[in-house]
Amino acid sequence: QLQLVESGGGLVQPGGSLRLSCAASGFTLGDYAIGWFRQAPGKEREGVSCISSSGGGTRYADSVKGRFTISRDNAKNSVYLQMNGLIAEDTAVYYCAVSKFSLCGAGSWDSRADFGSWGQGIQVTVSS
């Protein structure tokens, strides 16, 4: 059974860092691009980042460029999101998702329609 499990969330002060992990089971994660999304209270779910199956291609939302880094270890069937310089606006539930494709779309990498399976989400709260 295909499953994605996020971990590494929590409460952090502004300017702090967190590293989210997405562990996959039931399928070979290395065959697919993986995305990170987030949803803040009262807002639409938005794309944060995407990484291609090989790890050679990445995409970021403008709001996180230069602060977040996505990476993957296909041998461990895992994808990571290193989040530095966190701000209050980063507070949200973060989800990882498996793309239907091996590449992140050039113009629509954050289209939710391109992602077939989702984790249960993990809370990230940035507050002093």
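## Contacts of L81

Contact here means heavy atoms within 4.5 Å. In this predicted model, L81 is in contact with L18, R19, L20, W36, V48, S49, F68, T69, I70 and Y94, once its neighbours within four places in sequence are set aside. L81 also belongs to the largest nonpolar core, where it is one of the residues that touch the most other members.

## The largest nonpolar core

The largest nonpolar core contains 36 residues. Those touching the most other members are L20, W36, F68, V79, L81, M83 and Y94. Several strands contribute to this core: β3, β4, β5 (46-51), β7, β8, β9 (92-99) and β11 (122-126) each supply at least two residues. The greatest contribution comes from β9, which gives five residues.

V124 lies in strand β11 and is buried, its relative accessible area being 0%. By contrast, 27 Å separates the C-alpha atoms of V124 and S102, which are 22 residues apart along the chain.

## The four-stranded sheet

Strands β1, β3, β8 and β7 form, in that order, an open sheet with antiparallel pairing. The edge positions are held by β1 (3-7) and β7 (68-73); each has a single partner strand, so one side of each is left without a neighbour in the sheet. On average, and with direction ignored, neighbouring strands of this sheet are turned by 15° against each other. In general, strands of a sheet pair through backbone hydrogen bonds, either parallel or antiparallel.

Individual pairings can be followed along β3. Five bridges join β1 to β3 in antiparallel fashion, and L4 stands opposite A24 in β3. Strand β3 (residues 18-25) is also joined to strand β8 (residues 78-83), here by six bridges, and these two strands again run antiparallel. Within this second pairing, C22 stands opposite V79 in β8, while the bridge partner of A23 in β8 is S78.

The loop between β7 and β8 includes N77. The phi angle of N77 is near 55°, a positive value in a residue other than glycine. N77 counts as buried because its relative accessibility is 16%, below the 20% limit for that class.

## Aromatic pairs and cluster

A search of the whole structure finds four aromatic pairs. One of them is formed by F37 and F115, whose arrangement is edge-to-face, at 5.0 Å centre to centre and with 80° between the planes. This pair links distant parts of the chain: F37 is in strand β4 (residues 34-39) and F115 is in strand β10 (residues 115-118), 78 residues apart. Both partners are buried, with a relative accessible area of 0% for F37 and 6% for F115.

How are the rings of F37 and W118 arranged, and why is the pair tilted? Their centres are 4.8 Å apart and their planes stand at 55°, so the pair is tilted; an edge-to-face pair would need an angle over 60 degrees. F37 lies in strand β4 and W118 in strand β10, so this pair ties together parts that are 81 residues apart in sequence. W118 counts as partly exposed, at 26% relative accessibility, whereas F37 is buried. Together, F37, F115 and W118 form one aromatic cluster.

## Arginines over aromatic rings

Two arginines lie over the faces of tyrosine rings. R19 lies over the face of Y80, at 4.0 Å from the ring centre; R19 is also one of the contacts of L81. R45 lies over the face of Y95, at 3.7 Å from the ring centre.

Methods:
Residues are numbered from 1 along each chain as its sequence is written. This is a predicted model: local features need pLDDT of at least 70, side-chain atom pairs count only at pLDDT 80 or more; totals for chains, interfaces and linings use all residues. Side-chain values use heavy atoms; hydrogens and water are left out. Rings of Phe, Tyr and Trp (its six-membered ring) pair if their centres lie within 6.5 Å; planes under 30 degrees apart count as stacked, over 60 as edge-to-face and the rest as tilted. Buried means under 20% relative accessible area, exposed over 50%, partly exposed in between (1.4 Å probe, protein chains only). A charge sits over a ring if NZ of Lys or CZ of Arg is within 6 Å of the ring centre and within 35 degrees of the ring normal. Two strands pair if DSSP finds at least two bridges between them. Axes are lines fitted to C-alpha atoms, for helices over the stretch in contact, and angles run from 0 to 180 degrees between N-to-C directions. A nonpolar core is a set of buried Ala, Val, Leu, Ile, Met, Phe, Trp, Tyr and Cys residues joined through side-chain atoms within 4.5 Å.
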